[in-house]
Amino acid sequence: MNNSENPTALIMIFGATGDLARRKLFPSLYRLFKRGKLSKRYCIIGVARRELTNDAFQESVRQSIEEAEGHHDDLQEFITHFYYHSHDVTDSSSYLALKTLANELDTHYQLEGNRIFYLAMAPEFFGTIADHLKADGLTDVDGFKRLVIEKPFGHDLPSAIELNNRLRQAFAEEEVYRIDHYLGKEMVQNIEVIRFANAIFEPLWNNRYISNIQVTSSEVLGVEERGRYYEKSGALRDMVQNHMLQMVALLAMEPPIKLTDEEIRSEKVKVFRALKTLEGEAVKENFVRGQYGPSKKDNEPINGYRQEPMVKADSNTETFVAGKLIIDNFRWAGVPIYIRTGKKMATKSTKIVVQFKDIPMNLYYQHEKTLNPNLLVIHIQPEEGISLYLNAQKSGDTMNATPVKLNFSNNSVDHMNTPEAYERLLYDCMRGDATNFAHWDEVALSWSFVDKISQVWENQQAEQFPNYEAGTMGPKAADELLEKDGFHWWPVESGDYR
Ligand SMILES: NC(=O)C1=CN([C@@H]2O[C@H](COP(=O)(O)OP(=O)(O)OC[C@H]3O[C@@H](n4cnc5c(N)ncnc54)[C@H](OP(=O)(O)O)[C@@H]3O)[C@@H](O)[C@H]2O)C=CC1
Ligand SMILES: O=C1O[C@H](COP(=O)(O)O)[C@@H](O)[C@H](O)[C@H]1O
């Protein structure tokens, strides 16, 4: 790992005129600069097809940062380190000019030959770009070379293997940084700290004391302009294969012997290996798919998925998934981990609820009431924090126990300074810390789990689609999935369970 706190590198962004670069990458780089986490020796080359001068590119970078961060006097200084190279990545003859520019800037800014290639482009180009970077000598550098790859990493296991084999011709595994932006979120990173830095949780973190875990990531937005991509992806590939399973791995892994990327990955991989594979009928019993239908809000019609641009009128693509995961190991045997994610749901929320088992005997039993279970809630977004639900005596009432909530809200403490996920991940990559990126073994194992489900779903038209109204929390079958185990989804809207 290059542990410098102010790393030096040339960052080449392929797809520099695209949405991701504008909305996430440029503002994140600026925030690193602002916080003094970028050394003065940095340089960014933006690459895309359209013809732009350096000045026009710098202006577009300035605008995108101002949209996200407002106006700042030091922006002018920041953007002078940005250069633009018009280049079609499928055009073999153009890479040599890119190499010449990179070498010149390397010398000019004294970048020590450190290079980061960020592929913020459609995945079909990943292999071609990596091939050329090597063949045309852009990776022949004295310093480090790293490849940052956006999702989706393949469409299924065979395509992911093919892509990986191709990338590995040019970059070693430790040089490939597969982005999963959930791993850059403050409270996702906090899962490990909550678990491993608190004596009160780790002894209870197993099937003796936990009855079930629920991980929800719901979105209010629909597929917007991404119908073409989403039709081939669906919620299973778009969210479950990566973000949802990564959160599950962090919740379920054993404590690593050290907090190094190798040790943490090795524990996460064991979780993926222990994840019970579902096939045939087991898919139907344990997984629910949904697709949003039209609805109305304030008398205004809301599109169903099949009415969205670039979506087939009889689409079989799921926009919602709920599932019950079983981790077949000593710690988790018998503890269901429920996941749920979807588009056009009632609220934008990512939350983890850990429900503890009931105590053996309830001394505070009331006629019609049972005690509320203890819950640990990890609020990932939009609020960031943790809540612990306990039972305590209501004032003046000695026979009753009432749920009370102990709350820590990150938003109220440090919200303005909480780094964006992309900001952290870019910084980690510059420092050579791959802990919060997806290792190939994790990607391969999560595809093999998800592929079995998609194979069943793709062979059966979902006749009941659409099966949930836009603006709701998904199909009824998702509630029944938990009801048959004697549980229910804890609400994610308010997060207040009293
Ligand atoms: N946008 C987002 O919020 C997220 C995006 N991603 C992933 O990031 C990647 C980029 O997404 P996004 O920014 O939305 O995509 P866009 O379609 O907005 O941008 C694509 C970029 O690629 C460039 N491009 C296209 N074809 C070529 C070519 N042949 N040669 C050189 N440049 C080319 C385009 O510029 P030009 O037309 O000038 O060539 C543009 O800069 C995708 O893999 C996506 O899945 C992942 C998570 C979130
Ligand atoms: O990767 C993706 O994530 C977003 C949701 O991210 P969030 O940080 O807003 O929760 C999702 O909208 C998109 O479809 C998916 O590709």
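Leaving aside neighbours within four places in sequence, which residues is His243 in contact with? They are Lys151, Asp180, His181, Tyr182 and Asp238. The model is a predicted one.

## His243

His243 sits in helix 8. UniProt, in an unreviewed entry, annotates His243 as "active site". Its relative accessibility is 2%, under the 20% cut-off, so His243 counts as buried.

Two polar partners stand out for the His243 side chain. One is the side chain of Asp180, in a polar contact at 2.7 Å. The other is ligand 2: one of the ligand's oxygen atoms lies 2.7 Å from an N or O atom in the His243 side chain.

## The shell around ligand 2

The residues around ligand 2 are Lys151, His181, Tyr182, Lys185, Glu219, Arg226, Asp238, Met239, His243, Lys343, Lys348 and Gln381. By class, 7 are charged, 3 polar and 2 nonpolar. Helix 8, residues 227–252, gives the largest share of this shell, with 3 residues.

For Glu219, an N or O atom of the side chain is 2.6 Å from a ligand oxygen. On its own, ligand 2 has 390 Å² of accessible area, and the protein covers 82% of that.

## Recorded binding positions

The unreviewed UniProt entry lists His181, Lys185, Glu219, Asp238, Lys343 and Lys348 under "binding site".

Asp238 belongs to helix 8. Its relative accessible area is 3%; that is under 20%, so Asp238 is buried. Not counting residues up to four places away in sequence, Asp238 touches Lys151, Arg226, Tyr229, Tyr230, Ser233, His243 and Lys343. Lys151 is also among the contacts of His243.

Lys348 lies in a loop, between strand 13 (337–342) and strand 14 (349–356). Is Lys348 buried or partly exposed? Its relative accessible area is 36%, which falls between the 20% and 50% cut-offs, so Lys348 is partly exposed. With residues up to four places away in sequence not counted, Lys348 touches Ser218, Glu219, Val220, Gln381 and Pro382.

Conventions
Residues numbered from 1 in each chain as written. Chains lettered and ligands numbered in written order. Predicted model: local features only at pLDDT ≥ 70, side-chain atom pairs only at ≥ 80, totals over all residues. Heavy atoms only, no water. Near = heavy atom within 4 Å. Polar contact = N/O pair within 3.5 Å; in protein donor to acceptor, adjacent residues only side chain to side chain. Areas by Shrake-Rupley, 256 points an atom, 1.4 Å probe, with all protein chains shown as cover. Helix = DSSP H or I, 4+ residues; strand = E, 2+ residues; numbered from the N terminus. Nonpolar A, V, L, I, M, F, W, Y, C, P; charged D, E, K, R; others polar. UniProt positions renumbered as here; feature names shortened; annotations may be inferred. Buried < 20%, exposed > 50% of the residue type's maximum accessible area, 1.4 Å probe, protein only. Contact = heavy atoms within 4.5 Å.
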